[in-house]
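Please work through the following exercises with the sequence and the model at hand.

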Amino acid sequence: MFERDGDSESESRRERVRFWLTVGVGTILVGVVAALVLLLMRANDNYDRSLGYQAHSLEMIQQTRSLDAALARAESALGRFAVGLQKEDGRIYQQQWGLAQQYLALLRRNVRDNPKQAELVQQLTAELAQRGTQLGDAALSANYRQTVAAISKYNAAGHDPALGRIDKLLTELIRNERALLSERNRIAASDRASLNQAILLFSLLGALAAVIAIAASFSLVRAESERRMARREQFAESDRAMLLEAAVEERTAELAEANEALRGEMVEREAAEAQLRQAQKMEAVGQLTGGIAHDFNNMLAVVVGGLELAQRWLSEAPDKAQRHLGNALDGANRAADLTRRLLAFARSEPARPEFTPVDECIASFAELIERTIGDRIALSLDLGAEGLACRLDRQQFENALLNLAVNARDAMGGHGTLVIRTLRDERAETAALAVQVIDSGCGMAPEVIERVFDPFYTTKPAGQGTGLGMTQVFAFCRQSGGEVQIASTVGEGTSVAMLLPVARPGETDAAVADGGKTLSGAPSHALDILVVEDDRRVLAATVDAVEELGHRAVACNDPLKAEALVAANGGFDLILSDVLMPELTGPEMVERLKARWPDLSVLFVTGYAGDASEIASFGDHDVLRKPFTLAALDQAIRRCRDVPAPEPGAATLARATSS
């Protein structure tokens, strides 16, 4: 009995020991599991946060590239708008520029937590604000259909240093985000390693807990059952952790693959766009240089051949030599006209409008058109605007008319009928004179008509056209306050009409009667003229021309020596100076001379077209364009000094005719 009671008490003590041991082990096991679960959750949160930072960096890079692309598309649309004046291009420009501003706003919002990136975005915002003002000015000119001003402003914007600063800021933003992305990738890898370690530790401690549970199961059946259940739960948790790890790895791999694909796509796209831009530039340059070289070779052949033949026949047959000299002079003038057209197109040389009776101008120019288009094309003049005149640059008008005639000749394959018709256009809102050039050629398709005024666009084979002819016609009409219209049917022919505003009655020019083509008589008194020119051959020719006009010329081949020559000669009646010279330009030299001799008269001579800012540097002084004739030089000198023009002498007129 006592033994049984002792055994019962001993068993009770063992039961209590087992109970508290089970409670203690269970408490420890619960604490360990809870700690491991917290550790695992923290590691998982850190890893998710790292992935979020990675996504943020990728989003920043994508937004920066999208901003760059939107800016490129906006400027491209503005370039098309400036040339073609199509409202659709203007709307595309506004849309793409607004899209760029949206991307910029996203960048400002996403870099608020990064002071370095925020500073770059702030600088980029300021640069884009200035860039928007500059491009907006070009867009405004294009919107008011000021083609030449719009192209000039767009060209100036294309060479603005702000482009380099904007590209530099965009590149710096992407480089910084890539550096952050690299650091965040490293942190993500570290967080992933920590997560794996937590899972491993969780597994090890779980296994240890399982061993303890198995050992305790021998003491309590109920505890064993509970331990089995706990072990199954632990296995299920381990499976979930493994599934979570697999999902995280899969997501990481997908993000890495998507990032790599996106990076490759952006690189390929940038390379393709760069190749396309380069190809377009090379094509335009090739077309331009080929056409110019062809035209200049023809003109130089006339000049060189005429001079060589004149040299051979000068002593034996002066009349024949005079004819060859005339041909050479005509070829040189045509080359000068081509150069002036190119400079006017590239640098917006201002027009020189004059009162021009259109029918008389076309009638006098018809002979040159007939020689140009050939004998197999019948030229017909239907001039119905007698008594009507326009204020226009006569030389540009003749060039535009000749361009249309040459295009018509090529469209007719060298044979057909060409009609030049003038009439008063009653459909126009204001009085307008229509000059129509109608051919019976192959005609143009609608897609060709849409691009016919684009610079450098031509349907002719390589080397047979520069693509500037119709562009020059378009620029001339707009510069003259008119417009140009085209009607064409494939296989039937083309009609191009230049609509020009009619000059009001009494609106004439004093220079119409003479046109500056004849040389005035010898001056009533000779002038002392200082000729400043850095090119020795041009200097010698100019000095001879001045002396041929009856004046006394002093040559100066260095603008730095001009001041000393003026002081040594006690002043000059006129300073005849080149504009672009080394070390000191003509306007700069004149500014120095005016400081000592404020009453000096100045005549600038230049072959450079210049733009509005450079023309302004000439001040109130007259400008004579190279190449010039003796008649033009004589008139320019008279304008500068107000020399009265006496009756022309026979010797002077003979010299003018030979020139």
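The exercises below treat an aromatic pair and a helix packing.

This is a predicted model, in which local features need pLDDT of at least 70 and side-chain atom pairs count only at pLDDT 80 or more, while totals for chains, interfaces and linings use all residues. Residues are numbered from 1 along each chain as its sequence is written, and side-chain values use heavy atoms, with hydrogens and water left out.

**Exercise 1.** Classify the pair formed by the rings of Phe397 and Phe476.

*Solution.* The structure holds 2 aromatic pairs. Rings of Phe, Tyr and Trp (its six-membered ring) pair if their centres lie within 6.5 Å; planes under 30 degrees apart count as stacked, over 60 as edge-to-face and the rest as tilted. For Phe397 and Phe476 the centres are 6.0 Å apart and the planes stand at 40°, so the pair is tilted. Phe397 belongs to helix α9 (residues 394–411) and Phe476 to helix α11 (residues 469–479), so the pair ties together parts 79 residues apart in sequence. Helices here are DSSP runs (H or I, at least four residues), numbered from the N terminus.

**Exercise 2.** Determine how helix α3 and helix α4 are packed.

*Solution.* Helix α3 (residues 115–143) and helix α4 (residues 147–158) have axes 7 Å apart, at an angle of about 160°. The axes are lines fitted to C-alpha atoms over the stretch in contact, and angles run from 0 to 180 degrees between N-to-C directions. Therefore α3 is roughly antiparallel to α4 (angles over 145 degrees). Contact means heavy atoms within 4.5 Å; the α3 residues that meet α4 include Arg131 and Leu135.

Note on methods:
Helices (H or I, at least four residues) and strands (E, at least two) are DSSP runs, numbered from the N terminus. Angles under 35 degrees count as roughly parallel, over 145 as roughly antiparallel, 65 to 115 as roughly perpendicular and the rest as oblique.
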